[in-house]
Amino acid sequence: MQPETLSKTNISFEEYRNQILRDFKIAVTSRECSLLGRREVLTGKSKFGIFGGGKELPQLAMARVFKNGDFRSGYYRDQTFMMAIDKYTVNQFFAGLYAHTDIEKEPFAAGRQMGGHFATHSLNEDGSWKKLTEQKNSSSDISPTAGQMPRLLGLAQASKVYRNEKTVQGWDNFSINGNEVAWGTIGNASTSEGLFWETVNAGGVLQVPMVISIWDDEYGISVHAKHQTTKENISAILEGFKRDEHTEGYEILVVNGWDYPALIEAYENAEKLARENHVPVIIHVKELTQPQGHSTSGSHERYKSEERLKWEKEHDCIKKFKEWIIEHEIATEEEAIQIEKECKKEVRKGKTEAWNEFIAEIKAEQQEALAQLNALVANSSNKNFIAPLVKTLSDKDEPIRKDILEATRKALRYVVKENLPEKKALQNWINSYIEKIQPKYSDHLYNEYDSKVTNVQEVKPVFNEDSELVDGRIIIRDNFDKLFNRIPEALIFGEDSGKIGDVNQGLEGLQDKYGEIRVSDAGIREATIVGQGIGMAMRGLRPIAEIQYLDYILYCVQGLSDDLATLRYRTFARQKAPLIIRTRGHRLEGIWHSGSQMGGLIHLLRGIHILVPRNMTKAAGFYNTLMESDEPAVVVECLNGYRLKEKMPANLEEIRTPLGVVETLKEGKDMTLVSYGSTLRLVEQAAKELLAVGIDAEVIDVQSLLPFDIAKDISKSVAKTNRLLIIDEDVPGGATGYILQQLMDNQNIYRYLDSKPETLSAQPHRPAFGTDGDYFSKPSAEDIFEKVYQIMHEVNPKEYPQLR
């Protein structure tokens with residue numbers, strides 16, 4: 001009996017049969033991994049597991065049409081898909097479960113993410129790009145629900161850019177005529193998140209080639225769809241996004257997740273529309289199951305009715321697939337059972353191999369530690385205290401590195417007053433062990449290759465006698481003009497960035513010159529503006545995403561913090577996204593334009609450089625520097641600096657402002673004043689006024705908060721002045737607290753201080769509106785003057801009598 005056609009390609013029945021049986025084998029293998037993976041968690045070999053059981057069949061259909069150059073942006077249920085595109089093996093499944101720190105054994109994250117977070121390698125070992133058009137690609141997953149959606153938008157938009165922007169064509173490392181599709185996956189319940197709706201809306205507006213698969217098993221963890229989705233039907237409420245003969249929009253397809261032929265047809269249709277015509281598609285895959293519940297943390301029997309559990313058993317997609325195979329005489333029941341047995345055997349074998357590979361390295365380290373400890377026991381007068389530590393470690397059949405360091409480090413406490421060569425040997429072993437092991441868990445937060453941005457050398461602005469005084473916006477505008485002319489893959493987008501040239505005219509006229517693709521407007525949707533940037537940067541473009549004001553960045557902190565800031569780290573430097581966030585802040589007025597987010601950003605965005613130029617010349621230099629490297633950054637331009645006059649540099653295009661380098665604006669001997677951004681102007685004003693009362697302050701511009709003062713130049717200033725005041729407009733304990741921590745912990749300035757180090761920040765509330773609101777909410781020149789004077793009064797009350 002000839003089964004119904006599943007593909008338009010002309011292949012023999014034997015080839016067709018082999019395709020289907022391969023799919024069946026992958027589905028069964030994936031399910032067996034999930035089942036055995038759960039047992040590994042429950043026996044304590046892994047901390048946690050979250051698996052893709054019940055979603056196997058639609059992922060096989062998606063894999064059938066996933067081509068080289070395509071990108072996936074999905075979530076932690078997609079293990080079957082990764083196996084189907086030959087990017088995931090049984091051994092790697094278990095290596096991820098055990099958190100194996102070898103990037104060769106666990107290629108997605110080297111153990112840094114829990115299992116089920118998938119990624120392919122976009123970069124070579126030296127940090128250079130691979131040829132992405134010659135491989136199947138998956139952007140690195142993140143756990144936050146729906147967090148993969150904004151990035152999906154950018155991955156798809158890159159194809160739009162490559163197809164339609166002539167200046168970047170020919171980059172066949174990244175695209176072949178924009179033919180690549182971005183494939184997104186999301187659970188039905190997660191479509192309740194705002195990031196999903198923002199992405200869907202933006203994708204419909206931009207008409208980018210993305211296909212969104214919604215895996216619908218009626219539950220979100222333990223919560224039924226009736227509490228999640230209006231009408232309990234996501235495709236029904238998405239109908240307003242559906243395209244018709246008059247308006248653009250989405251193609252929306254609905255298919256049952258256990259219907260293999262219908263799934264194949266749906267995905268073939270979706271692929272053709274997206275790849276050829278750049279029409280976005282949503283596929284609502286219904287009637288899926290989740291036979292193991294949400295994760296290893298609980299059981300779905302606790303919240304599903306008997307009727308639902310019975311229905312799930314009957315409609316399990318693998319069970320239905322097997323029945324279909326037998327019914328259409330593709331294989332006999334005996335042949336299907338034999339495949340299942342072989343898969344179970346393969347999974348058990350892979351699990352054993354993965355565990356042995358994982359534990360062998362740690363056991364070798366355990367033996368090294370025991371050798372050190374036994375030598376210490378043999379010679380120490382406190383052997384009775386050390387011996388139990390040795391026994392505890394020796395009895396560990398399945399040790400972890402924590403066990404090793406607990407035993408060895410505690411042993412040192414018992415010999416702290418003994419002078420033994422074995423003690424010295426143990427100290428050296430512990431230090432070298434930590435030095436060797438710590439990078440497995442901590443390196444690659446930033447670029448560690450020669451291409452790192454801190455290797456870009458400073459080029460100072462050059463001014464001639466006839467250098468013109470111009471508005472700061474002219475400097476930033478002309479620099480962007482030169483940058484876009486020099487770097488064809490550079491583009492900028494955001495609210496008001498295109499037609500009017502941004503709200504402060506820093507992009508004036510550039511859309512007319514470079515076109516609507518490279519200088520473009522975006523809707524009021526900060527999260528997906530950042531998502532556009534992340535995705536396009538992952539595909540070789542050099543995007544600058546403009547967030548109109550600093551406080552609007554709060555809308556996109558989740559994507560910046562969880563996705564962009566961790567990308568290089570969580571992929572063990574196998575993926576990167578050199579996205580620049582351009583925004584403006586400092587000395588903004590009013591509760592909603594307060595510019596007081598710096599402390600939060602510093603702590604939430606480790607992995608992203610945070611730069612705070614005091615004027616537009618410095619800002620221009622930062623953009624030029626960043627474009628020479630491949631690292632993400634936030635550049636905060638001074639909002640009140642666009643109309644202030646600056647000299648136009650003669651070498652604007654060549655300027656490079658270095659990262660992690662402070663600049664001394666005024667030398668002095670009595671006190672070091674440290675600040676950044678617009679507040680610096682007030683500091684400089686106060687420093688001049690302080691001279692009138694005999695106080696000579698040194699003024700230092702931080703310039704970049706991440707990285708911070710790599711050469712430790714501030715400590716050199718404090719060594720001279722012996723006093724420190726840090727001034728900014730953030731809330732108390734915000735950025736000033738961070739700066740003080742850096743100076744105390746990393747630069748040891750306490751050695752030089754004759755007075756308590758002080759900070760001067762804004763009030764702990766958002767600023768009130770108006771000039772007076774600003775004056776009473778943020779540090780003024782008078783506040784700075786009086787704070788400095790009060791410190792000097794405490795030093796020498798006779799010379800500096802009480803001011804007030």
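Predicted model: local features only at pLDDT ≥ 70, side-chain atom pairs only at ≥ 80, totals over all residues.
How many bridges join strand β14 to β20, and in which direction do the two strands run? There are 2 bridges, and the strands run antiparallel.

**The open sheet**
- The sheet is open and mixed in its pairing, with 7 strands in the order β11-β10-β12-β13-β15-β14-β20.
- Its edges are β11 (519–521) and β20 (704–706); each has a single partner strand, so one side of each is left without a neighbour in the sheet.
- From one strand to the next, the twist averages 20 degrees.
- Where β14 (residues 609–611) meets β20, I610 has L706 as its bridge partner.
- Helix α15 (residues 472–486) packs on this sheet, and its contacts include β10 (490–494) and β12 (542–546). The direction of α15 makes about 135 degrees with that of β10.

**Helix α12**
- The 12 residues of α12 (residues 383–394) should span 16 Å at 1.5 Å a residue, and the end C-alpha atoms agree, being 16 Å apart.
- Buried residues in α12 are I386, L389, V390 and L393.
- These cover an arc of only 100 degrees around the axis, which puts them on the same side of α12.
- Residues three or four places apart in an α-helix point the same way, because there are 3.6 residues a turn.
- N384 and K391, on the other side of α12, are exposed.
- Among the elements covering the buried residues of α12 are α11 (333–379) and α13 (401–414).

**Tyrosine Y219**
- Y219 sits in strand β5 (residues 219–220) and is buried, with a relative accessible area of 13%.
- Beyond its neighbours within four places in sequence, Y219 is in contact with A189, H224, Y303, K304 and R308.
- Y219 and T289 lie 70 residues apart in sequence, with their C-alpha atoms 9.2 Å apart in space.

Key. Residues numbered from 1 in each chain as written. Heavy atoms only, no water. Helix = DSSP H or I, 4+ residues; strand = E, 2+ residues; numbered from the N terminus. Expected span 1.5 Å × (residues − 1). Buried < 20%, exposed > 50% of the residue type's maximum accessible area, 1.4 Å probe, protein only. Arc of directions from axis to C-beta. Contact = heavy atoms within 4.5 Å. Pairing = 2+ DSSP bridges. Axes fitted to C-alpha atoms, helices over the stretch in contact; angles between N-to-C directions.
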